[in-house]
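Trainee: I am new to this structure. Can you walk me through how to read it?
Mentor: Let us go feature by feature.

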Amino acid sequence: MKVLLLKDPKDKDSGPDPYIKELKLYGFEATLIPVLSFEFISLENLFERLSHPEDYGGLVFTSPRALEAIKICLKENSKNEAWSKSLKERWNRKPAYVVGKATASLVEEIGLTPQGEKSGNAEKLAEYICSREKPSSSALLFPCGALKREVLPTVLRGKGIPLESLTVYQTTQHADLQESLSSYFSQQGIPASIVFFSPSGVKFCLQYIQKLSGNFINYIKFAAIGPTTAEAMEAAGIPVSCTAESPTPQDLSTGMQKALHLQNC
């Protein structure tokens with residue numbers, strides 16, 4: 001049973017993508033097509049803020065890309081030295097709030113201890129932060145993307161918890177997306193299921209998928225990696241057959257197995 005994953009590979013150097021590996025255990029033949037490209041911006045501003053942990057109450061990360069921005073900063077010897085000598089230790093005295101395991105693992109890679117990784121989405125992370133932070137405390141530093149949703153800032157603002165957002169990356173359509181999708185449909189045909197991993201993926205891919213699948217689109221079972229993506233799919237008129245309970249390969253695989261088998265797909 002063929003499954004099309006609309007996501008970037010986790011890491012070229014870490015072997016097979018974990019979603020492809022896990023889905024294979026459940027009998028799915030998964031193919032991955034990268035959807036997004038990222039341009040990192042304001043990196044000097046980012047490191048300037050990271051250089052003053054005394055000004056902040058902690059960090060908030062809702063995307064692996066924000067950690068990638070920090071890792072790019074740390075490739076410079078002088079910045080990496082400053083981070084290793086004192087900044088890392090000083091930030092470790094403060095919370096580093098994260099959504100999901102992927103973001104948590106990247107936080108650990110830069111030497112910090114993640115909190116709230118089981119939240120799964122921005123709404124639940126906001127609730128978690130509100131349960132631990134006091135109103136009118138020092139601002140939390142929030143490196144984020146240009147397309148960030150306003151749920152987390154709005155919830156924190158409503159509770160009087162200050163948040164300083166800094167846009168450190170912009171999201172665009174992957175240059176090879178249209179060609180990759182055309183090639184997949186011409187060579188492998190219509191997949192049993194297509195999985196979206198972000199609202200941006202829905203925005204950039206849907207028109208191509210509708211064109212390539214034609215009337216057969218009604219036979220495709222669409223899955224979402226989480227509730228935010230599911231909302232974007234529903235808003236675009238895509239019926240959602242499965243939403244992973246949490247954004248992990250295991251939860252996506254078990255959810256898809258139940259949904260596809262129940263629907264005799």
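Trainee: Where is leucine 59 found?
Mentor: Leucine 59 is in strand β4. Keep in mind that the model is predicted.

Trainee: Is leucine 59 buried or exposed?
Mentor: Buried means under 20% relative accessible area. Leucine 59 has a relative accessible area of 1%, so it is buried.

Trainee: Which residues is leucine 59 in contact with, leaving aside its neighbours within four places in sequence?
Mentor: The contacts are Leu50, Trp91, Pro95, Ala96, Tyr97, Leu112 and Leu141. For a sense of scale, take serine 241. Leucine 59 and serine 241 are 182 residues apart in sequence. In space, their C-alpha atoms are 35 Å apart.

Trainee: Now the strands. What should I know about pairing in general?
Mentor: Strands of a sheet pair through backbone hydrogen bonds, either parallel or antiparallel. Here, six strands form an open sheet. Their order is β3-β8-β7-β4-β5-β6, and the pairing is mixed.

Trainee: Which strands stand at the edges?
Mentor: β3 (36-40) and β6 (114-115) do. Each has a single partner strand, so one side of each is left without a neighbour in the sheet.

Trainee: In which sense do β4 and β7 pair?
Mentor: They pair in the parallel sense, over two bridges. Glycine 58 stands opposite leucine 140 in β7.

Trainee: What about strand β1: why is it called largely enclosed by the rest of the structure?
Mentor: Count its buried residues. β1 covers residues 2-6, and four of the five are buried, so the strand is largely enclosed. Then look at its partners. β1 runs parallel to β2 (residues 29-33), joined by five bridges. β1 also runs parallel to β9, joined by four bridges.

Trainee: Which residues are the bridge partners of leucine 4?
Mentor: In β2, the partner is threonine 31. In β9, the partner is isoleucine 194.

Trainee: On to helices. Where is the kink in helix α4 centred?
Mentor: On serine 84. Helix α4 spans residues 77-91, and the kink is about 55°.

Trainee: Which residues of α4 are buried?
Mentor: Lys79, Trp83, Leu87 and Trp91. Here is the general idea behind such spacing. An α-helix has 3.6 residues a turn, so residues three or four places apart point the same way.

Trainee: What covers the buried residues of α4?
Mentor: The cover includes α2 (43-50), β4 (58-61), α3 (64-73) and β7 (140-145).

Trainee: Next, charges. How many salt bridges are there?
Mentor: The count comes to eleven. One of them joins lysine 7 to aspartate 17. Their closest N and O atoms are 2.8 Å apart. Both residues lie in the loop between β1 and α1 (18-25), so the pair ties together parts that are ten residues apart in sequence.

Trainee: Are lysine 7 and aspartate 17 buried or exposed?
Mentor: Both are buried.

Trainee: Which residue does glutamate 68 form a salt bridge with?
Mentor: Arginine 65, with the closest N and O atoms 2.6 Å apart. Glutamate 68 is partly exposed, with a relative accessible area of 27%. Arginine 65 counts as buried, at 18%. Asp8, Arg65 and Glu68 are linked in a network of salt bridges.

Trainee: What distance is given for the salt bridge of glutamate 76 and lysine 79?
Mentor: It is 3.4 Å, N to O. Glutamate 76 is partly exposed, at 39% relative accessible area. Lysine 79 is buried, at 8%.

Trainee: How do I read a phi angle?
Mentor: Start with the general rule. Most residues other than glycine have a negative phi, and most peptide bonds are trans. Serine 42 has a positive phi of about 55° although it is not a glycine. Serine 42 lies in the loop between β3 and α2. At 30% relative accessibility, serine 42 counts as partly exposed.

Trainee: Last, the surface. Which residues make the nonpolar patch?
Mentor: Ile190, Phe216 and Tyr219, over about 350 Å². Isoleucine 190 is in the loop between α8 (177-188) and β9 (193-196). With a relative accessible area of 34%, isoleucine 190 is partly exposed.

Conventions. Residues numbered from 1 in each chain as written. Predicted model: local features only at pLDDT ≥ 70, side-chain atom pairs only at ≥ 80, totals over all residues. Heavy atoms only, no water. Bend = angle between axes of the 7 residues up to and from the residue. Buried < 20%, exposed > 50% of the residue type's maximum accessible area, 1.4 Å probe, protein only. Contact = heavy atoms within 4.5 Å. Patch = residues over 30% accessible without salt bridge, like charges linked within 9 Å, V, L, I, M, F, W, Y side chains within 5 Å. Areas by Shrake-Rupley, 256 points an atom, 1.4 Å probe, with all protein chains shown as cover. Salt bridge = Lys/Arg side-chain N within 4 Å of Asp/Glu carboxyl O. Pairing = 2+ DSSP bridges.
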